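Student: Could you take a close look at one part of this structure for me, the place where the opening helices pack together? I'd like one connected walk-through.

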Amino acid sequence: MEISAFYILIYTIEGFIFGNYAIRLFDSKFHWHLQVSMLFIFYSSLYLLSRLKLLWSCNTVTFFAANFCFLLLMSRLTWYTALFHAAAATFLMGISEFIPYSILFSFFHSSRKPHDYFFSLVLLTAISKTLYFTFMTLLAHHEKRIRDIPPDKTFFFLISIPIISLFLMLSLFFISENG
């Protein structure tokens, strides 16, 4: 039960990160309440589909499709712009999960302590979602610079939080493993 609740939290965080990216970067067709509701529907559907234990490639395709549909329906974008940003979000999500998994996988298997799936999942999620947030914030900042949109005053604050928290998480993890 706690694993299911944690997966709901994971999808909520992913939805928040993508919604933050879309709402900050694109002109909306609708009020933000409707955007949040649609984002909830799309990411709830992603969670329910993930419970079917499909191949990772099916989850990737559904993640891409949900983001593409959300951008196309909720923002004033052409289909190819929505396609590009959905693909970029999917790629950045994959990279942000692949990097920590490949690093921590060898560490967990070389550790002498018994494997704790939930602890590994929490650590991997914290690192990967922090990276995803950082990548998406950097991409949004880059897109705003290209479009000559005035820079956000909160950008450096937003980008420093995940970097500092990632450093603290890794430091505390390695201290607890070696101590």
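Tutor: Here is a tour of that packing, starting with the whole chain and then moving in.

First, some ground rules. This is a predicted model, where local features need pLDDT of at least 70 and side-chain atom pairs count only at pLDDT 80 or more, while totals for chains, interfaces and linings use all residues. Residues are numbered from 1 along each chain as its sequence is written, and side-chain values use heavy atoms, with hydrogens and water left out.

The protein chain has six helices and zero strands, where helices (H or I, at least four residues) and strands (E, at least two) are DSSP runs numbered from the N terminus. In sequence order the pattern is simply α-α-α-α-α-α. Of the 179 residues, 38% are buried; buried means under 20% relative accessible area, exposed over 50%, and partly exposed in between, with a 1.4 Å probe and protein chains only. Among contacts (heavy atoms within 4.5 Å) with a separation of 6 or more, 76% join residues 24 or more positions apart.

Now the first pair. Two packed helices are described by the angle between their axes and the distance between the axes. Helix α1 (residues 2-25) packs on helix α2 (residues 32-50) at about 140°, with the axes 9 Å apart. That makes α1 oblique to α2. For reference, axes are lines fitted to C-alpha atoms, for helices over the stretch in contact, and angles run from 0 to 180 degrees between N-to-C directions. Angles under 35 degrees count as roughly parallel, over 145 as roughly antiparallel, 65 to 115 as roughly perpendicular and the rest as oblique. The crossing of α1 and α2 is right-handed; right-handed means the near helix is turned clockwise from the far one by less than a right angle, left-handed anticlockwise.

On the α1 side, the contact residues include Tyr-7, Tyr-11 and Phe-18, and on the α2 side they include Leu-39, Tyr-43 and Tyr-47. The residues of this contact divide into nine nonpolar, five polar and one charged. Here Ala, Val, Leu, Ile, Met, Phe, Trp, Tyr, Cys and Pro count as nonpolar, Asp, Glu, Lys and Arg as charged, and the others, Gly among them, as polar.

Ser-4, in helix α1, touches Tyr-47 and Arg-51, leaving aside residues up to four places away in sequence. Ser-4 and Tyr-47 are 43 residues apart in sequence, with 9.6 Å between their C-alpha atoms.

Helix α2 has another partner, α3: their axes come within 10 Å and cross at roughly 165°. α2 and α3 are therefore roughly antiparallel to each other, and the crossing is right-handed. Leu-39 and Tyr-43 turn up here too, among the α2 residues that meet α3 residues such as Asn-67 and Phe-70. The C-alpha atoms of Ile-41 and Ala-66 are separated by 9.5 Å.
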